[in-house]
Amino acid sequence: MPPIAGAVPIEDARMDPDACRQLIARYVEAYNSFDLTALGALVTEDVRFENVVDGQLTAVTEGRDRFLALAAHSRGLFAARSQRVLALAFEGEVAVARVAFRGVLAHDMRDGPSAGTLVELEGQTLFGFRAGAISAIVDRS
């Protein structure tokens, strides 16, 4: 698996897998509850976020402020949402989570589904870590 920009090997970051699991659990909890303050506290100042859909890069941010701005925008798209970690493995310098997402659209999408539509998908989220925080996130669906 190719390295994630901004991530260092877990051993070099002095983070054991249990500490990484706890960070991921707190991240998912903050994500599900739309808690931007908690999300911001879990990531490094220079966090990199990427969203990849069907192999195409659809969003990328560099830095905590831009990551939180994207999260704030995304929060408005769903009336409710839930992400669950189905499996978690460590591969080199990243944690690879198989995730299930469920959300209810808050608004009609132009040329797409209408408000109230249930969106369900499974995908993968890769997490990189540095200095006791999440330094990189790659969502793939």
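What follows is a chat about a predicted model of one protein chain.

Visitor: Hi! How many helices and strands does the chain have?
Guide: Hello! In this predicted model, the chain has three helices and six strands.

Visitor: And in what order do the elements run from the N terminus?
Guide: They run α-α-β-β-α-β-β-β-β.

Visitor: What share of the residues is buried?
Guide: Buried residues account for 38% of the 141 in the chain. The accessible surface is about 7700 Å², with 51% of that belonging to carbon and sulfur atoms.

Visitor: What about contacts between residues at least 24 apart?
Guide: Counting contacts between residues at least 6 apart in sequence, 54% join residues at least 24 apart.

Visitor: Switching to charges: how many positive and negative side chains are there?
Guide: There are 14 positive and 19 negative side chains, and the centres of the two sets lie 2 Å apart.

Visitor: Let's zoom in on Thr-125. Where is it, and is it buried or exposed?
Guide: Thr-125 sits in strand β5, which covers residues 118–130. Thr-125 counts as buried because its relative accessibility is 1%, and the cut-off for buried is under 20%.

Visitor: Which side chain does the Thr-125 side chain make a polar contact with?
Guide: That would be the side chain of Asp-139, at 2.7 Å. Leaving out residues up to four places away in sequence, Thr-125 touches several others, including Gln-83, Ala-95, Val-99 and Ile-137.

Visitor: Which residues does Asn-51 touch?
Guide: With residues up to four places away in sequence set aside, Asn-51 touches Gln-56, Leu-57, Thr-58, Ala-59 and Asp-139.

Visitor: Nice. Where is Asn-51 found, and what does its side chain join up with?
Guide: Asn-51 is in strand β1, residues 43–53. A polar contact of 2.7 Å links its side chain to that of Thr-58.

Visitor: How far is Asn-51 from Leu-118?
Guide: Their C-alpha atoms are separated by 20 Å, and the two residues are 67 apart along the chain.

Visitor: New topic, backbone angles. What is phi of Asp-54?
Guide: Phi of Asp-54 is near 50°, a positive value in a residue other than glycine. Asp-54 is in the loop between β1 and β2, the latter being residues 56–62.

Visitor: Is Asp-54 buried or exposed?
Guide: Asp-54 is exposed, with a relative accessible area of 67%; the cut-off for exposed is over 50%.

Visitor: And what about phi of Asp-111?
Guide: Asp-111 has a positive phi of about 55°, and Asp-111 is not a glycine either. Asp-111 lies in the loop between β4 (94–105) and β5. At 82% relative accessibility, Asp-111 counts as exposed.

Visitor: Last stop, Ser-135. Which strand is it in, and is it buried or exposed?
Guide: Ser-135 belongs to strand β6, residues 133–140. Ser-135 is buried, with a relative accessible area of 0%.

Visitor: What does the Ser-135 side chain reach?
Guide: The side chain of Ser-135 reaches the backbone nitrogen of Phe-129 at 3.4 Å.

Definitions and conventions: Residues are numbered from 1 along each chain as its sequence is written. This is a predicted model: local features need pLDDT of at least 70, side-chain atom pairs count only at pLDDT 80 or more; totals for chains, interfaces and linings use all residues. Side-chain values use heavy atoms; hydrogens and water are left out. Helices (H or I, at least four residues) and strands (E, at least two) are DSSP runs, numbered from the N terminus. Buried means under 20% relative accessible area, exposed over 50%, partly exposed in between (1.4 Å probe, protein chains only). Contact means heavy atoms within 4.5 Å. Accessible areas come from the Shrake-Rupley method with a 1.4 Å probe; for residues, only the protein chains shown count as cover. Lys and Arg count as positive and Asp and Glu as negative; His and the chain ends are not counted. The place of a charge is taken as NZ of Lys, CZ of Arg, CG of Asp or CD of Glu. A polar contact is a pair of N or O atoms within 3.5 Å; within protein, one must be able to donate a hydrogen and the other to accept it, and residues adjacent in sequence count only if both atoms are side-chain atoms.
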